Amino acid sequence: MLTQADIDWIVLDSVDSTNAHLCAAYARGERTGVVALLAHAQTQGRGRAGRAWVSEPGASLCLSIGLPIAGSQLPFLPICVGVGVAECLQASGVRVQLKWPNDILINGHKLGGILCESGSGPAEPYTVIGLGLNLGPVEVHSPPSGLKATFVQAHWPDEQPMLSNLDWAKRLVPSIVSAVDLGLRSGLAPLAALFSKRDAFLGQKVVLTDGQKPVAEGIAMGLSESGAYLIDTADGLLPVHAGDLSLRVQHG
Ligand code: ATP
Ligand code: BTN
């Protein structure tokens with residue numbers, strides 16, 4: 001069981017990538033157990049499939065959480081993390097949608113992304129959860145997905161003072177850790193129910209791409225019991241496993 005009491009916190013002014021930094025520390029055996037790393041600035045943030053993650057010092061939350069588990073223990077980890085982030089933001093007054101497998105959206109614009117990476121240290125396996133969240137405005141040019149960026153402050157209740165990056169991290173980490181713990185204890189089903197309530201594409205016409213070209217199209221049917229994303233195509237129900245595949249809404 002993962003508990004909040006076990007979390008070691010690190011706060012850095014600047015780092016290349018919080019994920020790269022934490023993965024290297026676990027791989028060398030310098031870190032074990034549960035570690036949360038917040039950086040105020042990140043110079044080489046990474047997204048899925050080698051894509052770059054843009055951040056602005058002060059405006060971007062750059063957070064990684066390291067866990068002493070193997071990636072194979074929780075193949076649906078990005079779903080757990082998305083649910084933990086969404087529940088935390090909702091409790092703070094900000095409603096988000098989740099785009100399978102790893103994006104956090106508001107009204108079709110990208111608020112944040114999740115990147116999970118795993119490896120082995122000298123004594124135990126590790127998994128690092130990376131979360132990038134736009135708190136203030138960031139400039140993202142020509143995103144390949146066509147998803148424009150948005151930020152928390154633009155959707156923040158007027159009457160509330162905006163939180164600092166560290167305060168956001170202190171709210172988000174327990175929520176993410178408890179969603180991961182739920183996944184470890186109870187499997188996918190309760191997480192899938194919480195994901196489906198916020199599924200950004202459910203019931204919409206979508207195109208599946210391999211990053212370059214379309215590979216299938218149909219209606220988004222949501223998560224299956226095994227964690228695949230289902231698309232109702234002309235040739236029948238297609239279960240899609242994360243890999244490097246991307247979903248896009250089909251307009252027109
Ligand atoms: P998918 O997740 O469907 O495969 P994606 O384009 O969202 O597609 P990701 O790897 O999840 O791909 O995210 C990386 C992409 O996010 C980058 O290619 C860039 O377009 C976009 N991006 C980078 N930084 C930010 C940011 N701070 N806010 C919003 N979007 C960003
Ligand atoms: C994506 O949408 O592709 C995922 C983006 C994940 C970005 C975060 S920022 C903190 C952590 N460190 C990184 O280098 N990447 C993740």
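Ligand 1 is surrounded by 18 residues, and the closest are Arg 48, Arg 51, Lys 99, Lys 110 and Ser 246. Keep in mind that this is a predicted model.

**Around the ligand**

- Ligand 1 sits in the largest pocket.
- Ser 246 has a polar side-chain atom 2.5 Å from an oxygen atom of ligand 1.
- For Arg 48, an N or O atom of the side chain is 2.7 Å from an oxygen atom of the ligand.
- Arg 248 also puts a polar side-chain atom 3.3 Å from an oxygen atom of ligand 1.
- On its own, ligand 1 would expose 620 Å², and the protein buries 97% of that.

**A salt-bridge network**

- Lys 99, Asp 103 and Lys 110 are joined in a network of salt bridges.
- Within it, the Lys 110 and Asp 103 side chains meet at 3.0 Å, N to O.
- Asp 103 has 6% relative accessibility, so it counts as buried.
- Lys 99 and Lys 110 turn up again at the ligand, among its closest residues.

**Other salt bridges**

- Arg 28 and Glu 30 pair up through their side chains at 2.7 Å, N to O, and both residues are exposed.
- Glu 117 bridges to Arg 46, with the closest N and O atoms 3.0 Å apart.
- Glu 117 is in strand 6 (residues 109-120) and Arg 46 is in the loop between strand 2 (34-42) and strand 3 (60-67), so this pair ties together parts 71 residues apart in sequence.
- Arg 46 is partly exposed, at 36% relative accessible area.

Definitions and conventions
Residues numbered from 1 in each chain as written. Chains lettered and ligands numbered in written order. Predicted model: local features only at pLDDT ≥ 70, side-chain atom pairs only at ≥ 80, totals over all residues. Heavy atoms only, no water. Salt bridge = Lys/Arg side-chain N within 4 Å of Asp/Glu carboxyl O. Buried < 20%, exposed > 50% of the residue type's maximum accessible area, 1.4 Å probe, protein only. Helix = DSSP H or I, 4+ residues; strand = E, 2+ residues; numbered from the N terminus. Near = heavy atom within 4 Å. Polar contact = N/O pair within 3.5 Å; in protein donor to acceptor, adjacent residues only side chain to side chain. Areas by Shrake-Rupley, 256 points an atom, 1.4 Å probe, with all protein chains shown as cover. 1 Å grid on protein atoms, 1.4 Å probe; cavity = no way out; pocket = protein on both sides within 12 Å on 5 of 7 lines; lining within 4 Å. Sits in = over half its atoms within 2 Å of the grid points.
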